[in-house]
Each structure stands twice: as structure tokens, then as C-alpha cells.
Amino acid sequence: MGSDVWVGPWRPHRPRGPIAALYSGPGPKYQLPPNTGYLLHDPSRPRAPAYSFGARLQTQLTTCGPGPGYLVPARMTARGLDCAPAYSIYGRPRHSAPFLTPGPGRYFPERAGNATYPCAPRHTIAPRNWGVRTQQQTPGPGAYTVPSLLGPRVIGKASAPTYSIYGRSAVGSCFEDLSKTPGPCAYHVVSPGVYKSRAPQFSMLARTSIPQDSTRKPGPAAYNVDQPRKPRGWSFGIRHSEYLASALADLDT
């Protein structure tokens with residue numbers, strides 16, 4: 001094909017303003033809630049009921065009865081023991097103290113009074129303050145406070161607009177002391193790395209020591225290649241105890 005083919009009016013150029021393709025997004029970083037399962041289900045989707053097999057309860061693992069290992073006596077029946085009457089020799093029980101019932105002479109019916117015998121009604125002259133407390137418990141008229149009808153904070157009443165007189169403010173007026181205003185030296189210079197692309201920074205640290213192994217290792221002379229290796233054999237074991245102390249002989253007296 002020749003170079004005279006028409007490809008359209010569009011040509012590659014730099015965009016005039018920022019577009020969405022210039023910004024790097026997180027991509028598929030966000031995790032959408034699943035539509036399966038019961039936990040963490042998508043709330044915008046219908047969720048079917050979920051059932052579980054459940055765990056075995058602890059009460060089913062332990063038995064409540066003795067089982068076949070319970071030994072029932074041979075003489076035991078459904079109506080009790082099937083045997084002749086048996087007697088045993090026990091000690092004589094101690095007699096409890098006898099109950100001291102009051103006799104007829106312990107009662108005094110004549111002292112019952114009006115609770116037993118009928119009698120005419122009787123009246124007494126008692127003072128007027130009988131049964132009344134000496135201290136007055138009812139609050140008087142002076143104990144109640146009538147809410148004020150002045151001011152804007154009256155409940156259930158319409159109040160007129162209220163005004164208050166404040167002092168003159170010195171901020172922004174001719175009385176403001178401008179000498180207390182911070183000068184240019186009071187502001188610190190902002191680092192360009194805050195609002196511009198910051199170049200990479202490097203630091204010079206001390207040289208770290210190379211990890212070394214300080215353990216002692218055998219040299220070439222520690223190995224004996226001329227000594228043949230003795231083959232393995234079988235033995236009946238030791239003839240004495242491992243915990244028996246060795247005997248000392250030929251001691252100098």
C-alpha cells in the first residue's frame with residue numbers, strides 16, 4: 001500500500017488537560033462480596049438458607065446409666081429381695097428427751113380479756129394531736145417557685161426580641177495592634193518535596209562486618225587415612241552396671 005491512504009483526521013498528540021488514563025488506579029484490588037455461602041454474602045443479592053450438620057454434643061458422649069457392667073444381685077427381683085428374713089445385732093439407740101406437754105394448770109383463760117369474752121364498747125379521751133407527726137411534712141406556699149415571665153426563655157409564652165450590648169472588638173478596627181502580627185521570619189520554608197516530585201534520597205552508612213564463623217574446625221592433619229576402618233560386630237553388652245563406680249587400686253599409702 002502506498003502512503004496516500006487516508007487514515008482519518010485523528011493524529012497522535014498530547015492531551016490538553018488531565019484524563020483518567022494518566023492516573024494509575026488500584027485495579028482489581030477491591031474484593032467484591034461473594035454470592036455463595038452464608039457469611040459475608042453480598043447484601044444486594046438474595047441469600048438462600050444455609051444448614052449445617054453441627055457438632056456432636058458433649059451430653060451424647062457421656063452415658064447416664066451404668067450399662068451392661070451394672071451387677072444386679074441374684075436375689076434381687078422386681079418386688080425386692082427374694083430371701084428369708086435376716087436379722088442383725090445393732091446397739092441400743094438412745095431415747096430422745098420426752099416432749100414436755102403443758103398441763104391444764106398452765107393455761108389462764110381469765111387473762112384473755114376482750115379477745116375471748118364479749119364486752120361493751122369503751123371510749124377514751126385522747127389528745128387531738130394523737131397520731132399526728134410533730135414536724136410538718138407538707139411544703140408551704142413559699143416552697144414553690146413561679147417561673148419568670150421576663151426574657152426569651154419562657155416556656156409557653158411568646159417573647160419579644162432581645163438585644164445585648166457587647167464590647168468593641170479590636171480585631172479589624174483602628175485600635176488593633178499590628179505590631180503583634182507575625183512577620184515573614186515567623187514562617188518556615190516549606191520543603192519542595194511536599195508539593196513537587198521528590199528525587200530519591202540516599203544516605204551513607206558505616207560498613208557492616210561480614211558474618212564470620214569463629215568455630216574451630218579440624219585441619220588436614222587431624223584425619224588419618226592410613227588407619228583402616230574396623231567393621232561393625234555384635235556384642236552381648238556390658239557386664240557391669242553403668243551406674244557402678246570404678247574401683248580404685250594401687251593407691252599409695
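Visitor: In which segment is L40 found, and what makes L40 count as exposed?

Guide: L40 is found in the segment before α1 of this predicted model. Exposed means over 50% relative accessible area, buried under 20%, and partly exposed in between, with a 1.4 Å probe and protein chains only. L40 has 72% relative accessibility, and therefore counts as exposed.

Visitor: What is the phi of L40?

Guide: Phi of L40 is near 55°, a positive value in a residue other than glycine. Most residues other than glycine have a negative phi.

Visitor: Why is H41 called buried?

Guide: H41 also lies in the segment before α1. Its relative accessible area is 12%, which is under 20%, so H41 is buried. Of the 253 residues of the chain, 2% count as buried.

Visitor: What makes the approach of N35 to H41 a polar contact?

Guide: A polar contact is a pair of N or O atoms within 3.5 Å; within protein, one must be able to donate a hydrogen and the other to accept it, and residues adjacent in sequence count only if both atoms are side-chain atoms. The backbone oxygen of N35 lies 2.9 Å from a polar atom of the H41 side chain, so the distance is within 3.5 Å.

Visitor: How do you know that the charged end of R47 sits over the ring of Y38?

Guide: The criterion requires NZ of Lys or CZ of Arg within 6 Å of the ring centre and within 35 degrees of the ring normal. The charged end of R47 is 4.1 Å from the centre of the Y38 ring, and R111 sits likewise over the ring of F108, at 4.2 Å.

Visitor: How many disulfides does the structure hold, and how accessible are C83 and C174?

Guide: The structure holds zero disulfides, a disulfide being a pair of cysteine sulfur atoms within 2.5 Å. C83 has a relative accessible area of 39% and is therefore partly exposed, whereas C174, at 71%, counts as exposed.

Visitor: Where is confidence lowest and where highest?

Guide: pLDDT, the predictor's confidence in each residue, runs from 0 to 100. Confidence is lowest in helix α1 (residues 58-61), at a mean of 60, and highest in helix α2 (residues 192-195), at 87. The chain mean is 76.

Visitor: Which conventions apply?

Guide: Residues are numbered from 1 along each chain as its sequence is written, and side-chain values use heavy atoms, without hydrogens and water. In this predicted model, local features need pLDDT of at least 70 and side-chain atom pairs 80 or more, while totals for chains, interfaces and linings use all residues.

Key. Helices (H or I, at least four residues) and strands (E, at least two) are DSSP runs, numbered from the N terminus.
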